[in-house]
Amino acid sequence: MSQINRLKDGQIERSETLHFYFDGKRYSGHPGDTLASALLANGVRLMGRSFKYHRPRGPFSSGSEEPNALVTLRDGARAEPNTRATTAELFDGLTARSQNHVGSLRFDMMAINDRLARFLTAGFYYKTFMWPAAFWEKLYEPLIRRSAGLGALSALDDPDAYDKGFLHCDLLVVGAGPAGLATALLAGRSGAEVILADEDFRLGGRFNAETGLLTEENGVDWAARTVAELTSMEKVRIMPRTTVIGAFDHGIFGAVERVSDHLGKTPADRPRQILWRIHSKRSILAAGATERSIAFANNDRPGIMLASALGAFANRWAVTPSRRAAIFTNNDSGHRVAADLLAKGIGIAGVIDTRDDAPVSKDFEVFADAQVLDTSGRHGLRSIKVRDGSGKLMSIECGALGVSGGWNPNVHLSCHHGGKPVWNDELSVFVPGPKLPQGMTVIGAAAGRFSTHEALASGVEGATDALGSLGLKAQAIDLPEAEDAPVEITPFWHVGGDAGRAWIDQQNDVTVKDISLAYQEGFRAVEHLKRYTTLGMATDQGKTSNVAGLAIMAEIARKEIPEVGSTVYRPPYTPVAIGAFAGRARGKDFRPTRLTPSHDWAKERGAVFVEAGNWMRAQYFPTSSETNWRQTVDREALAVRTSVGVCDVTTLGKVDVQGSDAAEFLNLVYANGVLKLRVGKTRYGIMLREDGIVMDDGTAARLAETHFVVTTTTANAVPVYRHMEFVRQCLCPAMDVQLMSTTEAWAQFTVAGPRSREVLAKIVDQDLSNGAFPFMACANVTVSGGLRARLFRISFSGELAYEIAVPTPYGDALIRRIMEAGEEFQITPYGIEALGVLRIEKGHPTGNELNGTTTALNLGLGRMVSRKKDCIGKVLSRREGLNTLDALNLIGIRPLDPETELRAGGHLMALGGTVDASHDQGYVTSACYSPNLRSHIALAYLKSGGDRLGEHLRLVSPLTRETVEVEVVSPHFVDPEGSRLRE
Amino acid sequence: MSDLRPRSALDGVDDVIGTIRLREVTNISLVSVAARRNSQDRCHAWLRMTFGAVPGPNGSESSVAGTALWMGPDQWMLSRQIGPDFDYAGNIKTELDEAASVTEQTGSWVMIEVTGDRLADAFERLCAIPIRTMQPGEARRTQINHQSCFVVLESKSAARILGARSSARSLWHALTMTARAL
């Protein structure tokens, strides 16, 4: 089909033809077209079906406020549902599908819903489908969901990339219409760093859509000239295709730039869109205004649209839904559109004006004090039914009807900080209220200054004000002569009578009757009205419907509009792809990965890795003969107890604590005493939270009088450091203490087992004999002929063990050196699974036991909370509730049958009696198979557990339905005297 | 001298992607210095003597002795182009003695140099620093790809990033993705 409804002129490049597909049919258009304009050019008015009633719909607007012409753009994984045809920029090969129909768009079988409209009023699902109850989930809801709704997701991974970015400017100008351009021009000439963002791909705003706005030149030309000058300014950044979606704290705005949507396919490696965070010192909201409609029966047929859209399609895109159009208006702008259409060669069937003093025209017939009562045309407008001022009814044939009920300032961004717009009675509009986001000024039509002269002038005022606050002197600019017509409007929201349904919110199929029903049923508060009827809750957020809905509610309630109030404006201004919010942080890039210094070495050895926070840690090191992980872990754990093993423990948090008050500081932070720890010694310690619960455990090593190294668990490395900084800065600011995280600075390895000393003796340059370097010793040493290192004789496994640390660049070399040195002892690298087995065998707590609810008493470490000194959490650790006689104690359990597996999370119950929460006696925190004991074992918290060794209990798991009879034993399964680690 | 050989976080990778060159700066030693109580004046004097001035917030100072970067109130990160074999921290500690708490940082960080005419475009996609209005020598602590980093602007077309060594490969991945996306 040729472009039968293409008019003359317009801002399209006719020299190039683009081909595109809508519902599989091939059409043509030109660069500069949107999908909507190109379809209209090809004579296509029907573009979709409505949400609930499956009514035929076409474009209602020409911009981002569009409620009706929603399509699924592109195919396959790139298919994006609910895309507005009015903003989708045409490209060659574009494919689009209409939505929400069964069968073809033209013959939608679900259109039966429209016949059932009387049963499908607002909130019908609150009152029907009540029984049988079981049918709701399985029958009713799926049925309703299938018959209603818009587009569907492809359910495929989005193949495109999205970036995030950060911009800074003196002045952000939102909107590049007349007001925004004037502001940007003045600010740019005055030397400010300016960002000018506009959602459209062509800057100029209403200059592109209307004629006669400037008296001495074409507005399009002025806009183009201004944009060209702005483009040449180094400090001005022009961002077309960029929607500012929200105003946030401290002058920060969110904006989505559509980088390559208009290219069809995103070039490799380039983002499809960028979500910008714009930091502005000042902002100017020049978002313009959206025309509002008038509700009348069957006002939703394809071909009926906002008058401004009809004008924009004709002026900018040189298209029309029909060669014969009518206008229904209550203000002068409808008349201007009629004149524009006439100039484009479109026949004007008449201008129906609700005002009795409507201006007359010599070029077209004006019906004053008249109303459009109804329309006809199954798939598109054919005629309108009009009642003139004398009460005479007539039918007027036309294929397009432009409706103008006045203009609503686009106040959205001005309200994102909770500000409410205020009603301006003179203009009959909501304008921005006094509470604006920090640094924002609203200008032009967005502020209710509707004439072009006013828009330009307010742009200059806004820029001058902003520049003044930025300390810049405003340069003079010459503004073009512009029309300055006053707003001539008589509010008129809907045509009365009972002719049929009159749509307010076309996207959610909300009618005047629905609002009336909501009122009858008591949903009168504006937020209740919104939720009961779903008015304004669709993807367009009610840009063309909210104010009319409020006005009609006010009329029904016999109130003034300000009394009804307005709903809350929230970001985003227009829908944003979830991918834009995610940016690059998806899949494997969801978060950064931390690698240990021995990672590459471990990988070479075939280690299996596991995520521990952001760390990738070696879980175990399988050999070729091992067929399951248990074999590997058993071998590794046995090797440590019988010979020697090595494990990378770099991930443990490390904090250097220095200063003349370092000891006093740690004495406060740790529950146990640190003050008298001798230089060269290490002490195990626990830290409490302020509420007395254990925060973390670890060691403090005193390397010098004023220098400690504190270790934390891997998981708590950051929280403990943050806690210590809080204590330092806020609780003890007078102390001379400095903290520095050194977790990453040192590659640290545990060398554990009876042969560990022999291995390290080959590497460490100093004497490691038990006398020279006893249990809990620490020292700065050197390794392999002089490299600085730190050595700690501490043990998590319960064996003779050391932790040796070198500057991280040497970590890879050191692990290889340790393996060489341990070869004769069959040194075994072990991962965190074996580490877990070894520590459970010793009853050492870790994150499973330090679970945020446990006290030192629970852990059997109650005596570590020193009574001789103060510490953080000391007072609240003595709360009665934390010190009851039946408090939980950490104990060990063994199954009567050693081969029976125990599971962490199971609960301990008496052998007989009821199994429920009220009979709960404790729970298992950690469980494993102990190859040394040849039995499954576990650590658990048990009420009064310390006094119940030898008792038999049931371990039950309601989840796995397992029940195991267990014996309560000491948590120290291996070497309870601790003699091995002192040898 | 030890026969253990150091390994940099990214094995000295050096790559040009489009107009952006990314290079790991190797053989760089780092140490953090925090003035102790009543020793601020002495530390400031030492910094002035060594680097020419005391770096203030968001600042750095460079001299033949290296670069000093402001990290916090009376805290600085010092860097020097010298391999990790050299005990830089020990050296500084000897000079400042009990006037400052000195901590070796060489192994904590990876340093990546970013150069190219589109440096500002790249950083606008990476982090929230005002790259276009920053002056050479200015520094910022910021977040890149969820990682805490320092960015030191060397010129309008060159900057150095200090990021955590353990996540150096993730940082590199983020930088290369951004360079390709420009």
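I began with handedness: a crossing is left-handed if the near helix is turned anticlockwise from the far one by less than a right angle, and right-handed if clockwise. The model is predicted, and local features need pLDDT of at least 70, side-chain atom pairs count only at pLDDT 80 or more, while totals for chains, interfaces and linings use all residues. Residues are numbered from 1 along each chain as its sequence is written, and chains are lettered from A and ligands numbered from 1 in the order in which they are written.

**Entry 1: helix pairs in chain A**

I looked up H11(A) and H13(A) and noted that their crossing is right-handed; for the element names I kept to DSSP runs numbered from the N terminus, with helices (H or I) of at least four residues and strands (E) of at least two. Helix H11 (residues 512-520) of chain A and helix H13 (residues 546-556) of chain A have axes 10 Å apart and pack at an angle of about 50°, which makes H11(A) oblique to H13(A). Here angles under 35 degrees count as roughly parallel, over 145 as roughly antiparallel, 65 to 115 as roughly perpendicular and the rest as oblique; the axes are lines fitted to C-alpha atoms, for helices over the stretch in contact, and angles run from 0 to 180 degrees between N-to-C directions.

For contacts I used C-beta atoms, placed from the backbone, that lie within 7 Å. On the H11(A) side I listed Val512(A), Ile515(A), Ser516(A) and Tyr519(A), which meet Gly549(A), Ile552(A), Met553(A) and Ile556(A) of H13(A). By class this contact has 6 nonpolar, 2 polar and no charged residues, where Ala, Val, Leu, Ile, Met, Phe, Trp, Tyr, Cys and Pro count as nonpolar, Asp, Glu, Lys and Arg as charged, and the others, Gly among them, as polar.

I then turned to helix H5 (residues 178-189) of chain A and helix H10 (residues 452-470) of chain A, whose axes come within 7 Å and cross at roughly 35°; this crossing too I recorded as right-handed. Among the residues of H5(A) that meet H10(A) are Gly180(A), Thr183(A) and Leu186(A), and those on the H10(A) side include Ser458(A), Gly459(A) and Ala463(A). The contact of H5(A) with H10(A) divides into 11 nonpolar, 6 polar and no charged residues.

**Entry 2: strands in chain A**

I traced an open sheet of 3 strands in chain A, in the order S29-S31-S30 and with mixed pairing; strands pair if DSSP finds at least two bridges between them. Strand S29 (594-595) and strand S30 (608-612) of chain A stand at the edges with a single partner strand each, so one side of each is left without a neighbour in the sheet. S30(A) runs antiparallel to strand S31 (residues 615-620) of chain A, joined by 5 bridges, and I found Val608(A) with Tyr620(A) as its bridge partner in S31(A). Helix H22 (residues 832-842) of chain A packs on this sheet, where it touches S30 and S31 of chain A and makes about 70° with the direction of S31(A).

Elsewhere, strand S16 (residues 324-329) of chain A pairs with S17(A) in the parallel sense over 6 bridges, and Phe328(A) stands opposite Ile352(A) in S17(A). I noted strand S17 (residues 347-353) of chain A as mostly covered, with 6 of its 7 residues buried; buried means 20 or more other C-beta atoms within 10 Å of the residue's own, exposed 12 or fewer, and partly exposed in between.

**Entry 3: single residues**

I placed Phe523(A) in the loop between H11 and helix H12 (526-533) of chain A, and with 20 C-beta neighbours inside 10 Å Phe523(A) counts as buried.

Most residues other than glycine have a negative phi, and most peptide bonds are trans. Asn298(A) has a positive phi near 55° in the loop between strand S14 (289-291) and strand S15 (304-306) of chain A, and is buried, with 21 other C-beta atoms within 10 Å. In chain B I noted a positive phi near 50° for Asn145(B), which lies in the loop between strand S9 (139-144) and strand S10 (147-155) of chain B. The peptide bond from Pro571(A) to Pro572(A) is cis, with omega near -5°.

**Entry 4: the two chains**

I finished at the interface, where 39 residues of chain B are in contact with 43 residues of chain A. The largest share of the chain B side, 5 residues, comes from H4(B), and by class that side has 11 nonpolar, 16 polar and 12 charged residues.

Terms used. Two residues are in contact if their C-beta atoms, placed from the backbone, lie within 7 Å.
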